[in-house]
Amino acid sequence: MSEKNFIKKALTDTVLTRRSFLKWSAALGGTAALAGGLKFGLKAAQAAAQAPDSGQWIPVACWHNCGGRCLNVALVKDGVVVRQKTDDTHPDSPDFHQQRGCARGRSQRHHVFGADRIKYPMKRKNWAPGGGNKELRGVDEWVRISWDEALNDIASELKRIKETYGNKSLFLPQFASSRLLSAYGGATASYGVTSDGSWLQVQSQMASNLYTPNDRLDYRKSKLVVLWASNPIWSSGGSPTYNYLQAKKAGAKFIFVDPFLNDSTQVLADEWIPVRPSTDTALLLGMAYHMIANNLHDQAFLDQYTLGFDAAHMPSGADPKENFKDYVLGTYDNTPKTPEWASEICGTPPDVIRSFAQEIATTKPMVFQSSSSVARISFGQQFCQAFLTVGWMTGNVGIPGGAVTHSYHSGASYGGAPLVTPGGNGLPAVINPLFPGGGAYGGYGFAAPEKPGSYAMAFEEMWDAVLNGEYTAMQGLKSEAKANGKIPCDLRLMYFIRASSGANALNQSAGIPKGIKAFRKVDFVVTSDIVLSTVSKYADIVLPATTPWEQDLGGFLTGNPEMILWYNQVTEPLYEARTGQWIETELAKRLGIDPNTIYPISMEQQAFNSLVGAKVIKEDGSGYEPLVTITTDDIKALGVNGKPQQGRISFQDLKTKGVYQVKRYPGDPYGFISGQAFRNDPVANPLKTASGKLEIHCQALSDKIAAYGLSTVPPVAQYRKPVEGYEDTFADWDKKIKGDYPFQLVTIHYGRRSHSVFDNIGQLRRAFPQELMMNALDAKALGIQSDDTVLVSSRWGKVVRHVYVSDRVVPGVVLLGEGAWAEMDESLGIDKAGATNTLNGTHPTGQGEEPWNSCNVQVVKWTGAPLEYDYKWPHRVPIHDSTDVRSDEWHLEPDIITPLKGA
Amino acid sequence: MAKQLAFHFDSSACGDCKACQVACQDKNSLPPQMMWRRVFQYGGGNWSPENDIPGLFRASGVFSYSVSTACMHCQDPICLKVCPAEAISKRDDGVVLIDQSKCVGCRYCEWACPYGAPVFDETRGVMTKCTFCEDLLAQGQNPACVDACPVRALAFGELDKLRKQYGNVDAVEPLPSDEYTHPSIVITPNRHSQLSGTGTGTIQNLPEEV
């Protein structure tokens, strides 16, 4: 897009728009300021929306970590988006389905062009080098500053802290690395698991790669599909629910296991097995007992393909008494894990446990599939161990129509290798000298705790590390630990400069009240952001970031394995927004680092490299070939270096359509049966586990978890009481007398948001009100009715919300969606937005997974003024100034949120 | 009447994702407080304590399903009858439209409509509602909600043909009986659906949602 033409257009637009635009350019100091980006107000969007019959449809990015990945197309008129649509690039059919998006994606224009975009660099009024008045973080006024001032201040603080306290005082919460800080000597980092819960080490140690589902079309061969803790409508937007529906239409019965009769059950479920949160392991053990007692398990499969089920099939060197069967039967601990034993814990009636076990053991082929959420509890490995073990007891491995699988997110309902992939961007790997094994993204799933030199703590320990000056040493760092096993630390600067938004660590890790204290302790917090998300609200300097809608050449997005998306630029960077690459480049210059060492390739060349390297499966399925045809004219027009090539689709067609999707049909050569070679010949095709078999008894797992230093796990599945699980809701377990926090709160994925992204969108707030969901019997006992405002308290924090009373929730359980932007009433210590991490405590276990799925809470009716509906709240606009032509598009009152009046 | 356009809604496939509702707001530039298409959720059931195990409850008949609603472009539109300004008309294809230039904003139609379809635009002081995306229809395109549905639960066509294909159900809870206005809607029921007037459940939405 030509910047000059755009400016001309904007200046000749309506009087209103022109005036707005001129106000902006005047405020920025005349035309010189225009060179860096375009500035216009939201009135332009409104004016354009009134005549949306012209304009151009452009495929655009829907780049969020939502669990879907769909085609988003924007109607662009005069540089603003006036409408959106989704995939209509080919006729729709169940086999070759369109990549249709969800309510969130369809709200993307309100996100990019929202009145609450961060427009220019800002600093806290009472910030000074060293921190100034730190207590005012989160409540201070914002002051607009120039890019030069912002960059100089940031560079100066980085330099001061590095030179005074060392690189280890620079801190990357929920990050493993940044290109800039890695080149600057590194930073203390963090690691752990958010989405996958406790699954990662369990699946890789027990099953190697044999936990993925079969191909999408193969689901239609199943007779029974068990979806454990799965709500694809909210967690895997786009096509997965539609894909499962095809399996249902082909005859599969669907059973859902969940504390909540969730929305996806309306489409799919033939049966619902209610279960209490964090007790699923007990349910599985009760099922295993029924199968063993009635000889329903597939002993021949277990004998040939697994180790550790019974004393006769143990790994060499293991104590034969540690086998799974004897644990279930209670041979040595005198506690048979009967359905009655299980029921007391999990709340599923014993006869239901028996009939469920009977059904999964006697129906083949069956897909036995779990999401990740259920494993987001402390000591959560136990669930994954038990799930795989009970699944394997049915023998549904490596066969058409079957699977024992952990599948979720954009991979839900899809199995097998990607049929179309992007090329690499050509940037060198980024290695943080203080966390060399951490990878590029958040230390996510960090798998080498034995490695020396990993100065990183579990996400769950981040705020305690700041406040207490120590964190747990992984095995590789033991030699540097104090007598208490901790590594001392002095964390002084938190760095959140990233590509656009996301990584909202303060909001998206347990213990927000503790996190706020940590933010108020350090010397300096810097973020780049597109809106004032929670990390930015509590920061000292906030930089305006671009979104992918403002990115020059565009780029690829991937999701399900059958397609790839290409997005285009919609507009030049809005206001004074800049890319993360530009920001880190400018900082590098000020820190004496050659920018070419961290970003040797332009963003355009990076995007081009990924085009050149993109591959698609050959039509006969025999291998891969280049995806994109690139001409010399393309290369010239893009101003990049490269050679023309022949591919399946021209670059121009790819840009116009925005998607390349491999055409699927039953019997096509792209099918996939997970573990088929192993099933056919386990000797010739061993797994990459220690024994080559599926390991029900897995010493490698126990050893690996111990190396993180946070907790231990036995080598076979055993029920161990989680922290803040069902048992901890009681003051006296034996007499069943409840304690101060009698409910279990489950943090669920929610329709309004992709994690914390989109929480600011009015139409999504209306559609998904962030309600606390509660069972009708519990509500009645508390004198609570739907729409009442309730106060929810945990041992860690308090929120107020409207309550939704329904029989769809298991008694004793309440649910709340993750990702609401914490909105603390400072005087009352109450979060009005209902961020689940205001309530969730920090309990570091396993490989650093976040234990979000069971938190003990108390619920009482709020006796103060009722909470205003979220969609009527004003935007979180950091600075209202005279040049601000922001839209009052959806909110009614532009005031700041009024404080709650306490009882 | 030559023909009557109608929506088909497949409640057996609807997972309450609200893509249709938001696509409608997007297509028609509606602010959050205005919704021409709304998704209602309806559900019920019971829990009863079991005596032999303390704290154990058994669920019976717990269910939910959703109904995506907009203007029903009724065969007997009561909004048209009550409008004192004669601002509401029914076209030859059955689509019911409001002429905002005639509307006086008295809100009688909103009060009369059993589906709550007309929505008051506070900024302009006039009534608005689903137009069946008549502008898109004129260009040979589908209504925005139809193309938005990720589970393909919405379709449209001539009422008679849809009835032949999908049956005669046009009133499930929480919708009112069809007797008042004869709505132009064809519903494929969910397996849990209860016909209007026979409901055992309640609307599962908070007031702010709908």
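Biologist: What makes the radius of gyration of chain A agree with that of a compact globule?

Modeller: A caution comes before the numbers. This is a predicted model, where local features need pLDDT of at least 70, side-chain atom pairs count only at pLDDT 80 or more, and totals for chains, interfaces and linings use all residues. Residues are numbered from 1 along each chain as its sequence is written, while chains are lettered from A and ligands numbered from 1 in the order in which they are written.

Modeller: Now the radius. It is taken over C-alpha atoms, and the globule rule is 2.2 Å times the number of residues to the power 0.38. For 903 residues the rule gives a value near 29 Å, and chain A has 27 Å, so the two agree. The C-alpha trace of chain A spans about 80 × 65 × 55 Å along its principal axes.

Biologist: How do you know how many helices and strands chain A has?

Modeller: They are DSSP runs, numbered from the N terminus: helices are H or I with at least four residues, strands are E with at least two. By that rule chain A has 30 helices and 38 strands.

Biologist: What does the count say about B:Phe132?

Modeller: B:Phe132 has 24 other C-beta atoms within 10 Å, so it is buried. B:Phe132 is not a glycine either, yet its phi is positive, about 60°. Its place is the loop between strand S7 (126-128) and helix H4 (134-138) of chain B.

Biologist: Why is helix H10 of chain A called largely enclosed?

Modeller: Of the 10 residues of helix H10 (residues 240-249), 8 are buried, so the rest of the structure largely encloses it. Among them are A:Tyr242, A:Tyr244 and A:Leu245. The buried residues of H10(A) pack against strand S8 (224-228), helix H9 (232-235), strand S9 (253-258) and helix H11 (264-268) of chain A. Just after H10(A), A:Gly251 has a positive phi of about 120°.

Biologist: How are H15(A) and H16(A) placed, and what is that arrangement called?

Modeller: Axes are lines fitted to C-alpha atoms, for helices over the stretch in contact, and angles run from 0 to 180 degrees between N-to-C directions. Under 35 degrees is roughly parallel, over 145 roughly antiparallel, 65 to 115 roughly perpendicular, and the rest oblique. Helix H15 (residues 339-346) and helix H16 (residues 350-362) of chain A pack at about 115°, with axes 8 Å apart. H15(A) is therefore roughly perpendicular to H16(A). Residues of the contact include A:Pro339 and A:Glu340 of H15(A) and A:Ile353 of H16(A). Contact here means C-beta atoms, placed from the backbone, within 7 Å.

Biologist: What about H12(A) and H15(A)?

Modeller: Their axes come within 8 Å and cross at roughly 165°. The two helices are therefore roughly antiparallel to each other. Among the residues that meet are A:Leu283 and A:Tyr289 in H12(A), and A:Trp341 and A:Ile345 in H15(A).

Biologist: How many residues make the contact of chain A with chain B?

Modeller: Chain B gives 44 residues and chain A gives 50. On the side of chain B that touches chain A, 21 residues are nonpolar, 13 polar and 10 charged. Nonpolar covers Ala, Val, Leu, Ile, Met, Phe, Trp, Tyr, Cys and Pro; charged covers Asp, Glu, Lys and Arg; the others, Gly among them, are polar.

Conventions
Two residues are in contact if their C-beta atoms, placed from the backbone, lie within 7 Å. A residue is buried if 20 or more other C-beta atoms lie within 10 Å of its own, exposed if 12 or fewer, and partly exposed in between; C-beta atoms are placed from the backbone.
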